[in-house]
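Subject: Structure handover

Hello,

Here is the structure I said I would pass on.

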Amino acid sequence: MYSKSTVFDIDAGLLDDELLASQMRLLTGLAGAGHPRDAQTAVPAGWQGHEDALALRLNQIQEEAALRKFAIPGRVPVTEESVIWPIPDLNGVRNQLATIRSRAEENNAGRIRLPRNDHELWATYKYSVLARNDRAYQSFGQRVAARAIPLDELWLSMISASRVAPLRGGVRNALQHMWGYVSRHSAMHPGTEDLVGLAAEIQNQAVAHQVSYLLNSTALGELRAWL
(Lines give C-alpha, C1' and ligand atoms only; values in the text may rest on other atoms or scores of the structure.)
Protein backbone atom coordinates (compact mmCIF):
# COMPACT_ATOMS: atom_id res chain seq x y z
CA MET A 1 0.00 0.00 0.00
CA TYR A 2 1.40 3.36 -1.05
CA SER A 3 1.75 6.09 1.56
CA LYS A 4 3.14 9.60 1.35
CA SER A 5 6.19 8.45 3.34
CA THR A 6 7.11 5.82 0.72
CA VAL A 7 10.43 6.40 -1.02
CA PHE A 8 10.00 4.94 -4.51
CA ASP A 9 12.63 2.53 -5.82
CA ILE A 10 11.51 2.58 -9.44
CA ASP A 11 12.87 5.22 -11.77
CA ALA A 12 11.58 8.77 -11.37
CA GLY A 13 10.55 8.85 -15.03
CA LEU A 14 7.74 6.40 -14.25
CA LEU A 15 6.16 8.76 -11.72
CA ASP A 16 3.39 11.11 -12.79
CA ASP A 17 3.79 14.83 -12.08
CA GLU A 18 1.94 14.72 -8.77
CA LEU A 19 3.90 11.74 -7.45
CA LEU A 20 7.15 13.28 -8.66
CA ALA A 21 6.45 16.54 -6.81
CA SER A 22 5.43 14.57 -3.71
CA GLN A 23 8.66 12.55 -3.78
CA MET A 24 10.69 15.73 -4.18
CA ARG A 25 9.03 17.29 -1.10
CA LEU A 26 9.52 14.09 0.92
CA LEU A 27 13.15 13.64 -0.05
CA THR A 28 14.01 17.30 0.45
CA GLY A 29 13.11 16.74 4.09
CA LEU A 30 14.68 13.29 4.39
CA ALA A 31 17.97 14.26 2.79
CA GLY A 32 18.45 16.76 5.63
CA ALA A 33 17.11 14.55 8.41
CA GLY A 34 19.33 14.71 11.47
CA HIS A 35 20.04 18.40 10.99
CA PRO A 36 18.25 20.96 13.18
CA ARG A 37 16.04 22.30 10.39
CA ASP A 38 14.67 18.81 9.68
CA ALA A 39 14.64 17.37 13.17
CA GLN A 40 10.99 16.37 12.79
CA THR A 41 11.61 14.33 9.63
CA ALA A 42 12.03 10.63 10.41
CA VAL A 43 14.01 8.48 8.00
CA PRO A 44 11.92 5.42 6.97
CA ALA A 45 13.12 2.22 8.62
CA GLY A 46 14.33 0.65 5.38
CA TRP A 47 16.45 3.69 4.62
CA GLN A 48 18.10 4.19 8.00
CA GLY A 49 21.86 4.07 7.52
CA HIS A 50 21.38 4.94 3.85
CA GLU A 51 21.13 8.71 4.15
CA ASP A 52 23.67 9.24 1.38
CA ALA A 53 21.44 7.19 -0.91
CA LEU A 54 18.49 9.44 0.00
CA ALA A 55 20.52 12.48 -1.04
CA LEU A 56 21.38 10.87 -4.36
CA ARG A 57 17.79 9.79 -4.84
CA LEU A 58 16.71 13.39 -4.32
CA ASN A 59 19.14 14.50 -7.02
CA GLN A 60 17.71 11.86 -9.37
CA ILE A 61 14.19 13.07 -8.66
CA GLN A 62 15.27 16.65 -9.28
CA GLU A 63 16.86 15.79 -12.63
CA GLU A 64 13.58 14.23 -13.75
CA ALA A 65 11.66 17.26 -12.45
CA ALA A 66 14.01 19.61 -14.33
CA LEU A 67 13.44 17.59 -17.50
CA ARG A 68 9.72 18.31 -17.06
CA LYS A 69 10.45 22.02 -16.47
CA PHE A 70 9.56 21.95 -12.76
CA ALA A 71 11.15 24.46 -10.42
CA ILE A 72 13.65 22.57 -8.25
CA PRO A 73 15.45 23.53 -5.01
CA GLY A 74 18.87 22.49 -6.36
CA ARG A 75 21.19 19.52 -5.94
CA VAL A 76 22.23 18.43 -2.50
CA PRO A 77 25.84 17.40 -1.75
CA VAL A 78 26.58 13.68 -2.04
CA THR A 79 29.47 11.85 -0.40
CA GLU A 80 32.55 11.11 -2.51
CA GLU A 81 32.57 7.63 -0.97
CA SER A 82 30.61 4.75 -2.46
CA VAL A 83 26.89 5.10 -1.79
CA ILE A 84 25.29 2.11 -0.05
CA TRP A 85 21.67 1.55 -1.08
CA PRO A 86 19.04 -0.51 0.75
CA ILE A 87 18.14 -3.82 -0.84
CA PRO A 88 15.02 -3.34 -2.98
CA ASP A 89 12.06 -5.25 -1.56
CA LEU A 90 9.97 -7.16 -4.11
CA ASN A 91 6.66 -6.55 -2.33
CA GLY A 92 7.49 -2.87 -2.03
CA VAL A 93 8.29 -2.66 -5.74
CA ARG A 94 5.06 -4.50 -6.58
CA ASN A 95 3.10 -1.99 -4.51
CA GLN A 96 4.83 0.90 -6.25
CA LEU A 97 4.00 -0.55 -9.66
CA ALA A 98 0.40 -1.10 -8.61
CA THR A 99 0.21 2.57 -7.60
CA ILE A 100 1.64 3.66 -10.94
CA ARG A 101 -0.75 1.38 -12.81
CA SER A 102 -3.79 2.59 -10.86
CA ARG A 103 -2.92 6.24 -11.37
CA ALA A 104 -2.28 5.68 -15.09
CA GLU A 105 -5.80 4.31 -15.40
CA GLU A 106 -6.97 7.69 -14.08
CA ASN A 107 -4.91 9.49 -16.76
CA ASN A 108 -2.07 10.30 -14.37
CA ALA A 109 0.92 9.01 -16.31
CA GLY A 110 4.64 9.64 -16.02
CA ARG A 111 7.11 10.46 -18.78
CA ILE A 112 7.83 6.76 -19.17
CA ARG A 113 4.94 4.44 -19.93
CA LEU A 114 4.71 1.54 -17.49
CA PRO A 115 6.40 -1.50 -19.09
CA ARG A 116 3.94 -4.32 -19.73
CA ASN A 117 6.45 -7.13 -20.21
CA ASP A 118 10.14 -8.03 -20.00
CA HIS A 119 11.00 -6.65 -23.44
CA GLU A 120 9.46 -3.25 -22.67
CA LEU A 121 11.15 -3.17 -19.28
CA TRP A 122 14.53 -3.93 -20.81
CA ALA A 123 14.04 -1.25 -23.47
CA THR A 124 13.23 1.21 -20.69
CA TYR A 125 16.37 0.56 -18.62
CA LYS A 126 18.87 -0.68 -21.24
CA TYR A 127 20.87 2.55 -21.62
CA SER A 128 21.06 2.96 -17.86
CA VAL A 129 22.61 -0.53 -17.72
CA LEU A 130 24.93 0.22 -20.66
CA ALA A 131 26.26 3.26 -18.79
CA ARG A 132 27.34 0.97 -15.94
CA ASN A 133 28.61 -2.21 -17.55
CA ASP A 134 28.78 -3.26 -21.20
CA ARG A 135 29.07 -6.96 -20.35
CA ALA A 136 25.93 -6.81 -18.18
CA TYR A 137 24.19 -4.93 -21.01
CA GLN A 138 24.98 -7.76 -23.43
CA SER A 139 24.03 -10.46 -20.93
CA PHE A 140 20.69 -8.97 -19.95
CA GLY A 141 19.84 -8.32 -23.59
CA GLN A 142 20.43 -11.97 -24.44
CA ARG A 143 18.51 -13.26 -21.43
CA VAL A 144 15.52 -11.05 -22.19
CA ALA A 145 15.55 -12.09 -25.85
CA ALA A 146 15.52 -15.74 -24.73
CA ARG A 147 12.76 -15.08 -22.15
CA ALA A 148 15.18 -16.47 -19.56
CA ILE A 149 14.56 -14.02 -16.72
CA PRO A 150 11.27 -13.65 -14.77
CA LEU A 151 9.72 -10.18 -14.82
CA ASP A 152 9.97 -9.69 -11.05
CA GLU A 153 13.65 -10.61 -11.11
CA LEU A 154 14.24 -8.25 -14.01
CA TRP A 155 12.62 -5.35 -12.14
CA LEU A 156 14.87 -5.89 -9.13
CA SER A 157 17.92 -6.26 -11.36
CA MET A 158 17.17 -3.04 -13.24
CA ILE A 159 16.60 -1.07 -10.02
CA SER A 160 19.83 -2.40 -8.54
CA ALA A 161 21.82 -1.73 -11.72
CA SER A 162 20.66 1.87 -11.98
CA ARG A 163 21.91 2.53 -8.43
CA VAL A 164 25.52 1.71 -9.34
CA ALA A 165 27.65 4.82 -9.89
CA PRO A 166 28.60 4.83 -13.59
CA LEU A 167 32.10 5.63 -14.76
CA ARG A 168 32.56 8.59 -17.07
CA GLY A 169 33.45 6.34 -20.00
CA GLY A 170 30.28 4.32 -19.50
CA VAL A 171 28.12 7.42 -19.44
CA ARG A 172 29.80 8.65 -22.63
CA ASN A 173 29.11 5.29 -24.30
CA ALA A 174 25.43 5.35 -23.35
CA LEU A 175 24.98 8.99 -24.39
CA GLN A 176 26.59 8.34 -27.76
CA HIS A 177 24.18 5.45 -28.36
CA MET A 178 21.28 7.72 -27.41
CA TRP A 179 22.66 10.48 -29.61
CA GLY A 180 21.87 8.38 -32.68
CA TYR A 181 18.16 9.05 -32.15
CA VAL A 182 18.54 12.85 -32.23
CA SER A 183 21.70 13.42 -34.30
CA ARG A 184 19.85 14.82 -37.31
CA HIS A 185 18.31 17.54 -35.17
CA SER A 186 21.52 19.00 -33.72
CA ALA A 187 24.93 20.28 -34.78
CA MET A 188 26.60 19.25 -31.50
CA HIS A 189 29.40 16.70 -31.86
CA PRO A 190 28.80 13.48 -29.86
CA GLY A 191 32.54 13.14 -29.20
CA THR A 192 32.56 16.22 -26.98
CA GLU A 193 34.09 15.97 -23.52
CA ASP A 194 31.19 18.08 -22.20
CA LEU A 195 28.98 15.19 -21.10
CA VAL A 196 26.66 17.48 -19.14
CA GLY A 197 26.09 19.51 -22.29
CA LEU A 198 25.67 16.38 -24.42
CA ALA A 199 23.12 14.92 -21.99
CA ALA A 200 21.22 18.23 -21.95
CA GLU A 201 21.21 18.42 -25.75
CA ILE A 202 19.86 14.87 -26.04
CA GLN A 203 17.14 15.74 -23.54
CA ASN A 204 16.22 18.94 -25.35
CA GLN A 205 16.06 17.34 -28.77
CA ALA A 206 14.19 14.26 -27.51
CA VAL A 207 11.52 16.49 -25.97
CA ALA A 208 11.37 18.96 -28.85
CA HIS A 209 10.96 16.21 -31.45
CA GLN A 210 9.05 13.76 -29.23
CA VAL A 211 11.51 10.93 -29.75
CA SER A 212 9.45 8.17 -28.16
CA TYR A 213 12.25 5.65 -27.59
CA LEU A 214 14.28 8.15 -25.58
CA LEU A 215 11.28 9.63 -23.79
CA ASN A 216 10.61 6.12 -22.50
CA SER A 217 14.21 5.63 -21.38
CA THR A 218 15.33 5.92 -17.75
CA ALA A 219 18.74 7.12 -18.91
CA LEU A 220 17.29 10.31 -20.39
CA GLY A 221 16.68 11.59 -16.87
CA GLU A 222 18.78 9.70 -14.37
CA LEU A 223 22.23 9.87 -15.94
CA ARG A 224 22.54 13.61 -15.36
CA ALA A 225 22.34 13.04 -11.60
CA TRP A 226 25.76 11.37 -11.82
CA LEU A 227 27.50 14.08 -13.86
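How do the residues of the lining of the largest cavity divide into nonpolar, polar and charged? They divide into 5 nonpolar, 4 polar and 6 charged. Here Ala, Val, Leu, Ile, Met, Phe, Trp, Tyr, Cys and Pro count as nonpolar, Asp, Glu, Lys and Arg as charged, and the others, Gly among them, as polar.

Before the rest, two remarks on the source. This is a predicted model, in which local features need pLDDT of at least 70 and side-chain atom pairs count only at pLDDT 80 or more, while totals for chains, interfaces and linings use all residues. Residues are numbered from 1 along each chain as its sequence is written, and side-chain values use heavy atoms, with hydrogens and water left out.

Cavities

A cavity is a set of points, on a 1 Å grid over the protein atoms alone, where a 1.4 Å probe fits but cannot get out; lining residues have an atom within 4 Å of a point. Grid points are joined across faces, edges and corners, and a volume is the space filled by probe spheres set on the points. By this rule there are 2 cavities of 30 Å³ or more.

The largest cavity holds about 120 Å³ of space. It is lined by 15 residues, and Asp9, Asp11, Arg57, Gln60 and Ser162 are the closest to its centre. Two or more lining residues come from each of α2 (51-67) and α10 (219-222), and α2 gives the most, with 3 residues. Helices are DSSP runs (H or I, at least four residues), numbered from the N terminus.

The second largest cavity has about 30 Å³ of space. Its lining consists of Leu175, Met178, Ala199, Ile202, Gln203, Ala219, Leu220, Leu223 and Arg224. By class that is 7 nonpolar, 1 polar and 1 charged. At least two lining residues come from each of α7, α8 and α10, with α8 giving the most, 3 residues.

Pocket

A pocket is an open set of points with protein on both sides within 12 Å along at least five of seven lines. The largest pocket has a volume of about 210 Å³. Of its 14 lining residues, Val7, Asp9, Gly46, Trp47 and Gln96 lie nearest its centre. The lining divides into 7 nonpolar, 5 polar and 2 charged residues.

Helix pairs

Axes are lines fitted to C-alpha atoms, for helices over the stretch in contact, and angles run from 0 to 180 degrees between N-to-C directions. The axes of α7 (residues 168-179) and α8 (residues 195-208) come within 10 Å and cross at roughly 30°. The two helices are therefore roughly parallel to each other (angles under 35 degrees count as such). In contact, meaning heavy atoms within 4.5 Å, are Arg168, Val171, Arg172, Leu175, Met178 and Trp179 of α7 with Leu195, Leu198, Ala199, Glu201 and Ile202 of α8. This contact has 8 nonpolar, no polar and 3 charged residues.

The other pair is α4 (residues 118-132) and α6 (residues 151-161), whose axes come within 9 Å and cross at roughly 25°. That makes α4 roughly parallel to α6. From α4, the contact uses Asp118, Leu121, Trp122, Tyr125, Val129 and Arg132, and from α6 Leu151, Leu154, Trp155, Met158, Ile159 and Ala161. By class, there are 10 nonpolar, no polar and 2 charged residues in this contact.

Regards

Technical notes
Angles under 35 degrees count as roughly parallel, over 145 as roughly antiparallel, 65 to 115 as roughly perpendicular and the rest as oblique.
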